[in-house]
Amino acid sequence: QVQLVESGGGLVQAGGSLRLSCAASGSRGRLNAMAWYRQAPGKQRELVARMTSGGNTNYADDVKGRFTISRDNAKNTVYLQMNKLKPEDTGVYSCNVWEVGGLGILNPYWGQGTQVTVSS
């Protein structure tokens, strides 16, 4: 069972920056894709950024050029650097990790979420 611990959320003024971290522990297999999702109040959870084990990335259109996802495979940790934050970036940010289990089956895991609030 993989445990994910997120950190780095908080309150920031518009235009500011935050860096989120998500450390995975307890993995018995290789970690495949790692991603960040967010859920704004009254809205569905949406993908913010995703990085494959090979380093390919994709971003939501509204964060391109402002957010950067990265990972440290030695530490089983994924990061999200968020710059030029806007009030509409406010939400609960959750880490998502896919572990390669037995027979190559991919198992998803979710963190508990960390609150990001951007004030105008």
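Among contacts in the protein (heavy atoms within 4.5 Å) between residues at least 6 apart in sequence, 53% join residues at least 24 apart. The model is predicted: local features need pLDDT of at least 70, side-chain atom pairs count only at pLDDT 80 or more, and totals for chains, interfaces and linings use all residues. Residues are numbered from 1 along each chain as its sequence is written, and side-chain values use heavy atoms, with hydrogens and water left out.

**Fold and overall shape**

- The protein has eleven strands and zero helices; these are DSSP runs numbered from the N terminus, with strands (E) of at least two residues and helices (H or I) of at least four.
- The radius of gyration is 14 Å, close to the 14 Å that the globule rule gives for 120 residues, so the protein is as compact as a globular protein of that length.
- That radius is taken over C-alpha atoms, and the globule rule is 2.2 Å times the number of residues to the power 0.38.
- The C-alpha trace spans about 50 × 25 × 25 Å along its principal axes.

- Of the 120 residues, 42% are buried, where buried means under 20% relative accessible area, exposed over 50%, and partly exposed in between (1.4 Å probe, protein chains only).

**The disulfide**

- The structure holds one disulfide, defined as a pair of cysteine sulfur atoms within 2.5 Å.
- Cys 22 and Cys 95 form this bond, with their sulfur atoms 2.2 Å apart.
- Cys 22 sits in strand 3 (residues 18–25) and Cys 95 in strand 9 (residues 91–100), so the pair ties together parts that are 73 residues apart in sequence.
- The torsion about the S-S bond of Cys 22 and Cys 95 is about -80 degrees, so the disulfide is left-handed.
- Both Cys 22 and Cys 95 are buried.

**Around Ala 35**

- Ala 35 belongs to strand 4 (residues 31–39).
- Its relative accessibility is 3%, so Ala 35 counts as buried.
- Beyond neighbours within four places in sequence, Ala 35 contacts Leu 47, Ala 49, Arg 50, Ile 69, Ser 94, Cys 95 and Asn 96.
- Ala 35 and Cys 22 are 13 residues apart in sequence and 9.6 Å apart in space, C-alpha to C-alpha.
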